Amino acid sequence: RYSIYCIYIYIYIMSGNMLIYVLGGGGVGKSALTLRLVTDNFAEHYDPTIEDSYRKQIKVDGIPATVDIVDTAGQEEFNAMRDSWIRNGKGFLLVYSITNRGSFEELETIMDEMTRARDDDNIPIVLAGNKCDLGETEREVTAEEGKALAEQWGVPFFETSAKTKINDHEVFYEIVREIRKFEEEKLKEKEEEMPKKKPFKCNIL
């Protein structure tokens, strides 16, 4: 059973602010997915990002949450900033384009950096194969390959399209679920580590 303190902490982590970083190569649609959630608009033209931050109130599984989403740079010259992003985030959306195999393979490098920087392979992550609206003629990465990589990492997987609104909100909702699950597991560990109170005894003289 949780202590009153742990119950308060549990309520906080279920409904508190969640810092989410969107990571991936340049031109995969990180900004488009982020803006679709935040503004419900689709960005037609690619404008390279350095770092843009957004805040959005959402409700996941009936519980409100405030998500702070950081849309990060995908260009190679900004890779030095990635270590800071990885250390600071509570959850991560890793995005590749299904029309660009290089962007898919790049995520292996990002994942290696994440496990080294966090010194942990239990990180709230969702994998997204974006631009699935473009069809099979332009596809370079199959859905099966995306699923296999997600299973290897033990993370949820979605194919998405910011343009046609396929799983565009669900990927962010799933990150919130992953963060809640991660924080709840940590809370249980702390609760188990807390010293047990000795039962009160009343001695009758």
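Trainee: How much of the protein chain counts as buried?

Mentor: In this predicted model, 44% of the 205 residues count as buried. The accessible surface of the chain comes to about 11600 Å², and 50% of that belongs to carbon and sulfur atoms.

Trainee: Why is Met 111 called buried?

Mentor: Buried means under 20% relative accessible area. Met 111 has 7% relative accessibility, so this residue counts as buried. Met 111 lies in helix α4.

Trainee: What is Met 111 in contact with, leaving aside its neighbours within four places in sequence?

Mentor: Its partners are Leu 94, Ile 125 and Trp 153. Contact means heavy atoms within 4.5 Å. The C-alpha atoms of Met 111 and Leu 94 are separated by 8.8 Å, with the two residues 17 apart along the chain; the contact cut-off applies to heavy atoms, and the pair is in contact.

Trainee: Which residues of α5 are buried?

Mentor: In α5, residues 143–153, they are Ala 143, Gly 146, Leu 149, Ala 150 and Trp 153. Viewed down the helix axis, the buried residues of α5 fall within an arc of 130°, so they line one face.

Trainee: What lies on the other side of α5?

Mentor: Glu 144, Glu 151 and Gln 152 are there, and they are exposed, a term that requires over 50% relative accessible area.

Trainee: What do the buried residues of α5 pack against?

Mentor: They pack against β4 (91–97), α4 (101–118), β5 (125–130) and β6 (157–159).

Trainee: Which residue just after α5 takes a positive phi?

Mentor: Gly 154, with a phi of about 75°.

Conventions. Residues are numbered from 1 along each chain as its sequence is written. This is a predicted model: local features need pLDDT of at least 70, side-chain atom pairs count only at pLDDT 80 or more; totals for chains, interfaces and linings use all residues. Side-chain values use heavy atoms; hydrogens and water are left out. Buried means under 20% relative accessible area, exposed over 50%, partly exposed in between (1.4 Å probe, protein chains only). Helices (H or I, at least four residues) and strands (E, at least two) are DSSP runs, numbered from the N terminus. The arc is that of the directions from the helix axis to the C-beta atoms. Accessible areas come from the Shrake-Rupley method with a 1.4 Å probe; for residues, only the protein chains shown count as cover.
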